[in-house]
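This report describes selected features of one protein model. Please consult the sequence and the structure shown here while reading.

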Amino acid sequence: MTDSAVEIGGLRIKAHNLGDGTFQLAFAERGAPNFATGQGTATAAAGTIVAARASRRALLVVNGGAVDMYLGGAALTAANGLLLTGTEGAAVSFPVTGAVHCITASGSAVYSYAEIYD
């Protein structure tokens, strides 16, 4: 009766052989060992919030003011981005490993971000 385990993207799955042809599974999520934060300003010219990071597990972006900002990839415009409303404290979180960019339709929006990664 041997046990085996595998880890996939921070989720550890352990299989315990009960010896009668059945297995008991146990799941445990492992926290990310690294945490980084930063701040910046989005303007009508697209800029980068965070560069690509293959080991990133999640990114949180918080709008710090009253100007709408938009998030997206390299081809970001105010017309095709994900809206992060101009409400102080409005936030969005998602698992992304690619670079994330920001832009406003006009004016500037101060933002902060936090990312967790391996």
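## A nonpolar surface patch

In this predicted model, L11, F23, L25 and F27 make a nonpolar surface patch of about 420 Å². Strand β3 (residues 23-29) contributes the largest share of the patch, namely three residues.

F27 has its place in strand β3. Its relative accessibility is 54%, and F27 therefore counts as exposed, since the term applies to values over 50%.

## An open antiparallel sheet

Strands of a sheet pair through backbone hydrogen bonds, in either a parallel or an antiparallel manner. In this model, four strands form an open sheet with antiparallel pairing, in the order β5-β10-β7-β8. Strands β5 (47-50) and β8 (82-84) stand at the edges; each has a single partner strand, so one side of each is left without a neighbour in the sheet. From one strand to the next, the twist averages 35 degrees.

Within this sheet, strand β7 (residues 69-72) pairs with strand β10 (residues 100-103) in the antiparallel sense over three bridges. The bridge partner of G72 in β10 is H101. With a relative accessibility of 15%, H101 counts as buried, and its side chain is joined to that of T48 by a polar contact of 3.1 Å.

Strand β7 also contains M69, which counts as buried at 0% relative accessibility. M69 and A105 are 36 residues apart along the chain, while their C-alpha atoms are separated by 7.4 Å.

## Salt bridges

Side chains of opposite charge can pair when their charged atoms come close. How many salt bridges does the structure hold? There are three salt bridges, and R53, R56 and E115 are linked in a network of them.

One of these joins the side chains of E115 and R53, at 3.2 Å from N to O. E115 lies in strand β11 (residues 109-117) and R53 in the loop between β5 and β6 (56-63), so the pair ties together parts that are 62 residues apart in sequence. R53 counts as partly exposed at 27% relative accessibility, whereas E115, at 4%, counts as buried.

E115 also forms a salt bridge with R56, whose closest N and O atoms are 2.6 Å apart. Because R56 lies in strand β6 and E115 in strand β11, this pair ties together parts that are 59 residues apart in sequence. Both R56 and E115 are buried.

A further salt bridge is formed by the side chains of R57 and D118, at 2.8 Å from N to O. R57 lies in strand β6 and D118 in the segment after β11, so parts that are 61 residues apart in sequence are tied together. R57 counts as buried at 19% relative accessibility, and D118 as partly exposed at 39%.

Notes
Residues numbered from 1 in each chain as written. Predicted model: local features only at pLDDT ≥ 70, side-chain atom pairs only at ≥ 80, totals over all residues. Heavy atoms only, no water. Patch = residues over 30% accessible without salt bridge, like charges linked within 9 Å, V, L, I, M, F, W, Y side chains within 5 Å. Areas by Shrake-Rupley, 256 points an atom, 1.4 Å probe, with all protein chains shown as cover. Salt bridge = Lys/Arg side-chain N within 4 Å of Asp/Glu carboxyl O. Helix = DSSP H or I, 4+ residues; strand = E, 2+ residues; numbered from the N terminus. Buried < 20%, exposed > 50% of the residue type's maximum accessible area, 1.4 Å probe, protein only. Pairing = 2+ DSSP bridges. Axes fitted to C-alpha atoms, helices over the stretch in contact; angles between N-to-C directions. Polar contact = N/O pair within 3.5 Å; in protein donor to acceptor, adjacent residues only side chain to side chain.
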